[in-house]
Amino acid sequence: MEKVTKPGARSLDNDEVRSGNTVADIRCDIVENLFCNQGKFPEVATRNDYYLALAYAVRDRMMHKWIRTARTYFEKESRTAVYLSAEFLMGPQLGKNLVNLGILEQAREAIKELGQDLDVLLDQEEEPGLGNGGLGRLAACYMDSMATLEVPAIGYGIRYEFGIFDQAIRDGWQVEMSDRWLRLGYPWEIIHPEIQYQVKLGGHTEHYTDDKGRYRVRWVPNRVVMGTPCDTPVLGYAVNTANMLRLWKAEAPESFDFQAFNVGDYYRAVNEKVVSENITKVLYPNDEPAVGKQLRLEQQYFFVSCSLQDMIRIYKQREKTLVGFDKKYVVQLNDTHPAIGVAELMRLLVDEHEMAWEDAWEITTNTFAYTNHTLLPEALEKWPLPLFARVLPRHLEIIYEINRRFLDGVWQKYPDDIQKLQSLSLIDETGEKYVRMANLACVGSRAINGVAALHSELLKETVLKDFYELWPEKFSNKTNGVTPRRFMVLANPGLTRLLGSRIGSEWVRDLDELRRLEKLAGDAGFCEDWRRVKLENKRVLAEAIKKATGAVVDPSSMFDIQVKRIHEYKRQHLNALHVVTLYNRLKKSGTKGVAPRTVIFGGKAAPGYFMAKLIIKLINSLAEVINNDPAVNDVLKVVFFPDFNVKNAHRVYPAADLSEQISTAGKEASGTGNMKFSLNGALTIGTLDGANVEIREEVGAENFFLFGLNADEVEKRKAEGYRPWVILEQNAELREVMDCLGSGAFSRGDRALFAPLIKSLSDRDEYLLFADYPSYIESQDRVSQAYGDPKRWTRMSILNVARMGKFSSDRAIREYCRDIWKVQPVKVEMPE
């Protein structure tokens with residue numbers, strides 16, 4: 001068919017079909033996609049039609065690189081890093097892919113010529129909420145960096161039909177709504193129904209001797225679920241590498257039972273389909289009831305089994321045996337969720353591929369590496385033994401055998417040390433019996449790492465102390481990092497343009513190049529431009545806040561921001577205590593000479609976490625009173641910005657003046673929000689916790705507002721017998737704050753509303769808010785003083801950005817490749 005083109009458009013017989021990067025090429029493909037994919041002509045196309053048409057045009061350009069990457073890896077038999085994660089919080093894909101392809105401005109112009117606005121289409125994209133927060137977002141940053149550094153890699157995870165809930169606020173309380181991210185179509189994935197794997201569940205095992213006289217085990221399941229891969233290309237920045245993110249969805253072997261239907265049992269006719277698909281229906285079911293725990297375990301095993309079977313299939317495309325499996329792959333376990341992979345790889349090698357136990361164990365322990373993400377003992381995953389036996393009977397046998405052989409070795413090294421055996425055992429037998437997944441990961445992995453220098457040291461001293469004494473050579477630190485492509489280039493175009501005009505764009509691939517900003521910290525013109533960019537970013541966030549909440553905030557006020565998952569150890573309520581302190585001071589002393597401040601909170605509370613939800617209610621209650629008090633609302637406002645996710649993060653991080661990183665020292669593994677804030681010019685008020693320690697070392701103590709006890713002091717205070725009520729009695733300002741909360745002043749006279757929070761703090765104060773309160777208030781006073789000197793504040797802001805090069809996820813991935821994975825970059829060349 002002959003195609004009529006506008007002047008400057010390319011014709012269909014051009015060799016550059018669906019790969020050209022001119023404005024005309026992109027515009028032509030958008031119109032073509034509207035017609036061929038959406039069945040629309042431009043005059044009747046909706047905003048979502050235009051979004052999909054542009055997304056498919058972008059994906060087409062990625063496909064050339066993706067296919068070439070796969071072919072290159074196949075031909076070169078490249079050693080591959082495999083990232084196993086139960087969460088991948090990838091964020092919106094359109095903007096990131098336009099940036100990495102280098103066609104953001106061409107796309108903007110092409111869309112403009114069609115009467116559309118690119119920013120509106122970017123906002124149209126539904127975000128896949130396939131993670132809770134830090135863990136999944138880290139996985140996404142690492143996928144971006146692996147592709148940018150041309151590292152052969154595959155990410156494996158779960159394609160949850162419903163991701164983390166969308167958050168609404170009603171009467172100050174969090175309300176959870178379904179995350180229907182697939183409802184309008186998801187153009188970035190390619191589903192492969194021709195590739196499916198059986199995943200067995202439940203049943204029993206049968207032990208027998210085969211015809212060669214070998215001891216064998218047969219697993220006879222009572223359920224089988226099929227895993228179907230859904231693939232998304234992950235493109236690197238300014239390279240030809242596009243790695244694969246493969247997420248698994250669960251399906252029934254037979255989706256419709258005709259026999260049941262024919263006899264009138266309509267429920268049973270579709271029941272197998274419903275039960276099977278439940279496995280990937282929703283992110284993290286409530287695991288308090290037993291049925292929730294079982295579904296969680298099934299989710300983890302399902303995606304790990306599919307992934308390992310897939311790796312074996314890919315490997316056997318070229319090899320006849322699996323003896324070199326660990327030379328081809330290294331598998332990074334992103335926390336304990338995929339740790340069942342140790343037992344599953346043993347099952348596949350021994351039961352399915354008839355390998356001797358010793359050979360299989362050598363391959364397994366050379367394949368896996370384990371990243372720990374928590375210092376909280378209660379957060380180390382473990383499964384009740386009866387549940388584990390019911391869901392994975394063969395794996396429990398394998399774990400028993402691994403444990404027997406492992407503890408035999410421990411006994412030889414530590415004879416008569418029963419306590420050591422109990423601590424290291426894969427089975428917790430101190431009360432109700434559990435399978436300890438962190439212990440399984442440690443025993444089955446070649447390397448173990450923490451995610452910040454402090455975290456890694458505390459791991460060795462606390463939760464993994466006995467494993468460190470046994471295998472010190474396995475342990476290392478790999479401080480987390482974030483991708484500057486999303487959290488600077490895409491999220492903060494104003495700053496990106498300013499940096500480009502002064503230091504070029506090499507920093508996008510080499511974040512250490514930001515050091516060149518140091519010499520500009522005293523340049524009056526540059527400082528003025530810096531303040532202008534920040535003010536514009538604050539206007540954008542102010543507009544978003546008004547749209548979401550109705551609150552009107554002043555962009556010229558200090559934006560004091562704390563956005564992260566709501567949890568008591570992250571201490572959003574300490575921030576709230578400071579807000580009440582400020583309010584009380586203003587009511588007493590007036591507002592003259594006070595630097596205006598807007599305190600912005602954001603984050604989701606786990607649906608079953610009452611205290612976290614009460615903290616959200618407290619924040620909104622403070623906002624209701626303070627924002628409507630004409631005596632103070634010109635200098636103090638409080639906002640809870642709902643539904644914090646990656647898309648909203650694009651507006652939040654660039655707009656912050658002050659970053660609140662105030663967790664109890666020794667509780668946060670690393671944090672990455674702290675890095676995103678600092679890279680966008682926010683100054684940090686924080687404790688010596690997680691990566692805060694290293695950020696302060698990099699940016700300079702004089703450019704960081706430090707407060708609070710350190711990790712050692714926290715433990716000492718607790719060991720000595722911490723008595724929060726004594727602090728409350730001795731600190732008049734704190735007592736006034738708590739009295740206000742208890743009086744009903746912020747709860748429409750309801751004295752009982754915040755009583756559980758007040759009682760928790762006054763009686764136990766597990767996370768030492770009262771102990772850190774005086775230091776926090778004093779540090780906040782220093783923040784106000786510094787903000788009142790724009791010249792000083794701007795210099796500190798510039799130096800923060802200039803010295804944050806260490807915290808690129810590129811640096812972290814280089815360290816993993818060098819120290820753990822032993823994976824080399826592979827150049828992908830496009831054909832002429």
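Is Arg223 buried, partly exposed or exposed, and what is its relative accessibility? At 24% relative accessibility, Arg223 counts as partly exposed; the cut-offs are under 20% relative accessible area for buried, over 50% for exposed and in between for partly exposed, with a 1.4 Å probe and protein chains only. Before the close-ups, some housekeeping: this is a predicted model, where local features need pLDDT of at least 70 and side-chain atom pairs count only at pLDDT 80 or more, while totals for chains, interfaces and linings use all residues. Residues are numbered from 1 along each chain as its sequence is written, and side-chain values use heavy atoms, with hydrogens and water left out.

**View 1. Arg223 and Glu298 meet in a salt bridge.** The N to O distance here is 3.0 Å; a salt bridge means a side-chain nitrogen of Lys or Arg within 4 Å of a carboxyl oxygen of Asp or Glu. The pair links distant parts of the chain, with Arg223 in strand S9 and Glu298 in helix H9 (residues 290-315), 75 residues apart. Helices (H or I, at least four residues) and strands (E, at least two) are DSSP runs, numbered from the N terminus. Glu298 has a relative accessible area of 5%, so it goes down as buried.

**View 2. Strand S10 pairs with S2 and with S9.** Nine of the ten residues of S10 (residues 242-251) are buried, so the strand is largely enclosed by the rest of the structure. With strand S2 (residues 153-158), S10 pairs in the parallel sense over five bridges; pairing requires that DSSP finds at least two bridges between two strands. Gly155 has Leu245 of S10 as its bridge partner. With strand S9 (residues 223-235) the sense is antiparallel, and ten bridges do the joining.

**View 3. Six strands make an open parallel sheet.** Reading across, the order is S20-S19-S18-S21-S22-S23. Strand S20 (636-640) and strand S23 (705-706) stand at the edges with a single partner strand each, so one side of each has no neighbour in the sheet. Strand S22 (residues 683-686) is joined to S23 by two bridges, and the two run parallel. Zoom in on Ile685 and you'll find Phe705 as its bridge partner in S23.

**View 4. Asp351 and Arg394 form a salt bridge.** The N to O distance is 2.7 Å. Asp351 sits in helix H11 (residues 341-352) and Arg394 in helix H14 (residues 393-413), so to speak distant parts of the chain, 43 residues apart. Asp351 is buried, with a relative accessible area of 13%, and Arg394 is buried too, at 8%.

View 5. Glu702 counts as exposed at 52% relative accessibility, whereas Arg803 is buried, with a relative accessible area of 15%.

**View 6. A network of salt bridges links five side chains, and there are others elsewhere.** The members are Glu358, Glu401, Arg404, Arg405 and Asp408. In total, the structure holds 70 salt bridges.

**View 7. Asp416 and Arg571 have positive phi values.** Most residues other than glycine have a negative phi. Phi of Asp416 is near 70 degrees, and this residue lies in the loop between H14 and helix H15 (418-424). Asp416 counts as exposed, at 64% relative accessibility. Arg571 has a phi of about 60 degrees and is found in the loop between strand S18 (558-563) and helix H22 (572-589). At 0% relative accessibility, Arg571 counts as buried.

**View 8. Phe770 is buried in helix H31.** The helix covers residues 769-787, and Phe770 has 0% relative accessibility. Phe770 and Thr794 are 24 residues apart in sequence and 32 Å apart in space, C-alpha to C-alpha.
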